[in-house]
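Please go through the predicted model below with attention to its annotated site, one of its helices and its nonpolar cores. The briefing that follows takes these topics in turn.

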Amino acid sequence: MAYEPPTHSVERSMRATLGVRTVAGIDEVGRGAWAGPVTVCAAVTGLRRPPEGLTDSKLITPKRRTRLAAVLTGWVTSYALGQSSPEEIDALGMTAALRLAALRALDGLPEPPDAVILDGKHNYLAGGGPWQVRTVIKGDQSCVSVAAASVIAKVRRDGEMAEVGAEYAPFAFADNAGYPSPVHRSALEELGPTPLHRMSWSYLDSLPRWQHLKKVRNPDDSGEQLGFDF
């Protein structure tokens, strides 16, 4: 299926209406996973024509994503990544963990941006910094800077999960990156969670043998916590 390529229309609009000079696109990966960190990329792209084939990372095959990420890291004006660990996700809740990872990414940029585009409809950066923020639903498909952040973040996190997953072969982290899958579920039922798993999440409700390990969730968190619904 063909998709419309992303454009700089949101970036241009923010420059024109807000008077900002530098706009960073932000996207995350790992939000719905049962295991591993949540990873956020902040990317500044300027207004140059993007590499061919750029779109939301979920719409690109793994092989193409890897090739595109290698191009993007040299093409973007700047980028940085930030993460929140499973322990931080359990302690803070997903919304606060996303904010922390995004702030780490923004702090890693060589120059602070004037404004930020967040993929989605929720401003999880609210109160986290001086940036002017615009949320864009499906921004990873429509905005060049967010699409670039999407691909870079996805390739980095998938690679890290494959690397650490070698120690936990039955969970097939190299294939599922910590997300729900039949193999992942079977390994959890038989072996229980690993140190990479988020221990406050609802998937443990479906594991009678391991329910006693579940941590109390942050009652103020509105982040998505998935069970065994595929």
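Asp119 lies in strand E4 (residues 115-119), where strands (E, at least two residues) and helices (H or I, at least four) are DSSP runs numbered from the N terminus. This is a predicted model, in which local features need pLDDT of at least 70 and side-chain atom pairs count only at pLDDT 80 or more, while totals for chains, interfaces and linings use all residues. Residues are numbered from 1 along each chain as its sequence is written, and side-chain values use heavy atoms, with hydrogens and water left out.

**Annotated site**

- Asp119 is in contact (heavy atoms within 4.5 Å) with Ile26, Asp27, Val136, Lys138, Gly139, Asp140 and Val146, when residues up to four places away in sequence are not counted.
- An unreviewed UniProt entry places the feature "binding site" at Asp27, Glu28 and Asp119; UniProt positions are given in the numbering used here, feature names are shortened, and annotations may be inferred rather than shown by experiment.
- Although these residues span 93 residues in sequence, no two of their C-alpha atoms are more than 8.2 Å apart, so they gather at one spot.
- Asp27 belongs to strand E1 (residues 23-29) and, at 4% relative accessibility, counts as buried, a term that means under 20% relative accessible area with a 1.4 Å probe and protein chains only.
- Leaving out residues up to four places away in sequence, the contacts of Asp27 include Thr39, Val40, Cys41, Asp119 and Asp140.

**Helix H2**

- The 14 residues of helix H2 (residues 62-75) should span 20 Å at 1.5 Å a residue, which agrees with end C-alpha atoms that are 20 Å apart; the expected span is 1.5 Å times one less than the number of residues.
- Arg65, Leu68, Ala69, Leu72 and Trp75 are buried in H2, and what covers the buried residues of this helix includes helix H6 (144-165).

**Nonpolar cores**

- Ile26, Leu106, Leu125 and Tyr203 touch the most other members of the largest nonpolar core, which has 38 residues; such a core is a set of buried Ala, Val, Leu, Ile, Met, Phe, Trp, Tyr and Cys residues joined through side-chain atoms within 4.5 Å.
- At least two residues of this core come from each of E1, strand E2 (38-44), helix H4 (94-108), E4 and helix H8 (182-191), and the largest share, 8 residues, comes from H4.
- Leu106 is in contact with Ala24, Ile26, Ala42, Pro113, Val116, Leu125 and Trp131, leaving aside its neighbours within four places in sequence.
- Apart from this core lies another, of 17 residues, among them Cys41, Ala149, Ile152 and Ala153.

Key: Buried means under 20% relative accessible area, exposed over 50%, partly exposed in between (1.4 Å probe, protein chains only).
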